[in-house]
Amino acid sequence: MSVKKKFNNFDELLAGSDLPVLVDFYATWCGPCKMMTPILEQVNEQMKDKIRIVKIDTDKYPQLASKYNIHALPTLVLFKNGEPADKIEGVMEAPQLVQHLRNLIN
């Protein structure tokens, strides 16, 4: 599923992906963020050939949260060609999220 890893440069992470990147901005203390983990696992299972899912802890990377105007958690941002293409704040169930993402990617 999504991989927790440290990185030196977020732009390189985006540029290095040949697929759109769905970034889950979360915090370890955030209850709704924890609800997103199994939802994102389902989304990844259905869309693993179409998107890449990355989780970013806003407490560890506050500069990224600030750069992308993340004011609520969880927030999902879909990046296409290294640029933000869509932002979803709050919890969304897997079937709705999959449909939403498919509409944006296709």
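This report describes the fold, surface, disulfide and selected residues of a predicted protein model.

## Basis of the model

Because the model is predicted, local features need pLDDT of at least 70 and side-chain atom pairs count only at pLDDT 80 or more, while totals for chains, interfaces and linings use all residues. Residues are numbered from 1 along each chain as its sequence is written, and side-chain values use heavy atoms, with hydrogens and water left out.

## Overall fold

The protein chain has four helices and four strands. Their order along the sequence is α-β-α-β-α-β-β-α. The radius of gyration is 13 Å, close to the 13 Å that the globule rule gives for 106 residues, so the protein chain is as compact as a globular protein of that length. Helices (H or I, at least four residues) and strands (E, at least two) are DSSP runs, numbered from the N terminus. The radius of gyration is taken over C-alpha atoms, and the globule rule is 2.2 Å times the number of residues to the power 0.38.

Along the principal axes, the C-alpha atoms fill a box of roughly 30 × 30 × 20 Å. Among contacts with a separation of 6 or more, 71% are between residues 24 or more positions apart; contact means heavy atoms within 4.5 Å.

## Surface and charge

Of the 106 residues, 42% count as buried. Buried means under 20% relative accessible area, exposed means over 50%, and partly exposed lies in between (1.4 Å probe, protein chains only). The accessible surface of the protein chain comes to about 6,000 Å², and carbon and sulfur atoms make up 48% of that surface. Accessible areas come from the Shrake-Rupley method with a 1.4 Å probe, and for residues only the protein chains shown count as cover.

The protein chain carries 13 positive and 13 negative charges, and their mean positions are 3 Å apart. Lys and Arg count as positive and Asp and Glu as negative, with His and the chain ends not counted. Each charge is placed at NZ of Lys, CZ of Arg, CG of Asp or CD of Glu.

## The disulfide

A disulfide is a covalent bond between the sulfur atoms of two cysteines. The structure holds one disulfide, assigned where a pair of cysteine sulfur atoms lies within 2.5 Å. Cys30 is joined to Cys33, with an S to S distance of 2.4 Å. The link of Cys30 and Cys33 is right-handed, with 80 degrees about the S-S bond. Both partners are buried: Cys30 has a relative accessible area of 4%, and Cys33 has 2%.

## Asp11

Asp11 sits in helix 1 (residues 10-15) and is partly exposed at 42% relative accessible area. Leaving aside neighbours within four places in sequence, Asp11 is in contact with Lys67 and Tyr68. The C-alpha atoms of Asp11 and Gln42 are separated by 26 Å, with the two residues 31 apart along the chain.

## Backbone features in the loops

The loop between helix 3 (62-67) and strand 3 (75-80) contains Pro74. The peptide bond from Leu73 to Pro74 is cis, with omega near -5 degrees. Asn69 lies in the loop between helix 3 and strand 3, and its phi is near 55 degrees, a positive value in a residue other than glycine. Asn69 is partly exposed, with a relative accessible area of 43%.

Asn81 lies in the loop between strand 3 and strand 4 (83-89). Although Asn81 is not a glycine, it has a positive phi of about 55 degrees. At 80% relative accessibility, Asn81 counts as exposed.
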